[in-house]
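Hi,

Here is the structure I promised to pass on.

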Amino acid sequence: MSGVKRNVLNVKQKLEILQKLDNGESASSDAEDVLNEGNTISHSAALQSVETLLDYMGQRGFDYGDITAVRQICVDIRQEMNKEQKQRRITDFLKQ
């Protein structure tokens, strides 16, 4: 099967999706992000990376202005995720 690229959820991603399902949340968009990504990073992966950066910055005592700028990136990513999810719902509704 050389030359065939498979996108597979890693253990951490699977656990996160299962936790969301246990909490009654939808996790389908998270799985779709991972499975449909080509050479791009998913919104959820980007958000997770930025949140990890925020934790690091907090531990290292970074300037408040820098932390605020990174928090704004989280807000922007979440807004984009919500926008795409809304578009996906509209598309799914129209397909019915």
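A question to start with: is Arg 78 buried, partly exposed or exposed? Arg 78 turns out to be partly exposed, as its relative accessible area is 38%. Keep in mind that this is a predicted model, so everything below is computed from predicted coordinates.

Since Arg 78 sits in helix α4 and Glu 51 in helix α3, the pair ties together parts that are 27 residues apart in sequence. Glu 51 also counts as partly exposed, because its relative accessibility is 31%.

The largest nonpolar core has nine residues in all: Ala 46, Leu 47, Val 50, Leu 54, Met 57, Ile 67, Val 70, Cys 74 and Ile 77. Both α3 (43-60) and α4 (64-95) supply at least two residues of this core, with the largest share, five residues, coming from α3.

Next, the aromatics. Searching the whole structure gives one aromatic pair. It consists of Tyr 56 and Phe 62, whose ring centres are 6.1 Å apart and whose planes meet at 55°, so the pair is tilted. For an angle like that, the tilted class lies between stacked, under 30 degrees, and edge-to-face, over 60. How accessible are the two partners? Tyr 56 has 41% relative accessibility and counts as partly exposed, and Phe 62, at 37%, counts as partly exposed as well.

Val 11, Leu 15, Leu 18 and Leu 21 make a nonpolar patch of about 400 Å². Leu 18, one of these four, lies in helix α1, which covers residues 11-22. With a relative accessibility of 48%, Leu 18 counts as partly exposed, because exposed would take over 50%.

That's what I have for now.

Cheers

Methods. Residues numbered from 1 in each chain as written. Predicted model: local features only at pLDDT ≥ 70, side-chain atom pairs only at ≥ 80, totals over all residues. Heavy atoms only, no water. Patch = residues over 30% accessible without salt bridge, like charges linked within 9 Å, V, L, I, M, F, W, Y side chains within 5 Å. Areas by Shrake-Rupley, 256 points an atom, 1.4 Å probe, with all protein chains shown as cover. Salt bridge = Lys/Arg side-chain N within 4 Å of Asp/Glu carboxyl O. Buried < 20%, exposed > 50% of the residue type's maximum accessible area, 1.4 Å probe, protein only. Core = buried A, V, L, I, M, F, W, Y, C linked by side-chain atoms within 4.5 Å. Phe/Tyr/Trp six-rings, centres within 6.5 Å; stacked < 30°, edge-to-face > 60°.
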